[in-house]
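Work through these exercises with the sequence and the model side by side. Try each task before you read its solution.

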Amino acid sequence: MSFSHNQYLPNSDNRDQWDDSVLVGHGLNSDLKALGIIHNRVIDTSVIYTNAGRRPSLRHLTEHLLGYKIQQNSSGHCSVEDAVAAVRLVIHGVNVPRFLAPEYQNLHMNI
């Protein structure tokens with residue numbers, strides 16, 4: 001199976017499918033930069049859960065806010081597990097905004 005990340009990047013042929021999309025993840029800046037992606041709608045859990053200028057790890061947030069552990073595999077991160085945790089953290093933030101960084105507590109997010 002061959003893979004080209006360009007097939008998933010916005011271009012003149014597929015830009016319409018990206019118009020309403022929202023990218024959700026944790027610490028996305030370096031990933032998006034490496035892929036050359038600029039996107040208008042990004043929810044980064046490392047940003048929305050910033051506390052006193054510190055960005056907590058996805059592992060920490062998931063354990064303390066969602067009540068389960070991730071990244072327990074000795075072979076490293078599982079991208080699916082990390083993605084699911086990030087989406088669950090966004091939903092948790094919508095439902096319990098007091099845990100979000102103060103500047104995000106009063107936003108009304110449409111998910």
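**Exercise 1.** Which backbone nitrogen does the side chain of His39 reach?

Solution. This is a predicted model: local features need pLDDT of at least 70, side-chain atom pairs count only at pLDDT 80 or more, and totals for chains, interfaces and linings use all residues. Residues are numbered from 1 along each chain as its sequence is written, and side-chain values use heavy atoms, with hydrogens and water left out.

- Step 1. Find His39 in the loop between helix H1 (28–35) and strand S2 (42–44). Helices (H or I, at least four residues) and strands (E, at least two) are DSSP runs, numbered from the N terminus.
- Step 2. Follow the His39 side chain to the backbone nitrogen of Arg41, at 3.0 Å.

**Exercise 2.** Is His39 buried or exposed?

Solution. 

- Step 1. Recall the cut-offs: buried means under 20% relative accessible area, exposed over 50%, partly exposed in between (1.4 Å probe, protein chains only).
- Step 2. His39 has 16% relative accessibility, so His39 counts as buried.

**Exercise 3.** In what order do the elements of the protein chain run?

Solution. 

- Step 1. Count 4 helices and 2 strands.
- Step 2. Read from the N terminus: β-α-β-α-α-α.

**Exercise 4.** What is the mean pLDDT of the protein chain?

Solution. 

- Step 1. pLDDT is the predictor's confidence in each residue, from 0 to 100.
- Step 2. The mean is 81, and 79% of the residues reach 70 or more.

Methods:
Polar contact = N/O pair within 3.5 Å; in protein donor to acceptor, adjacent residues only side chain to side chain.
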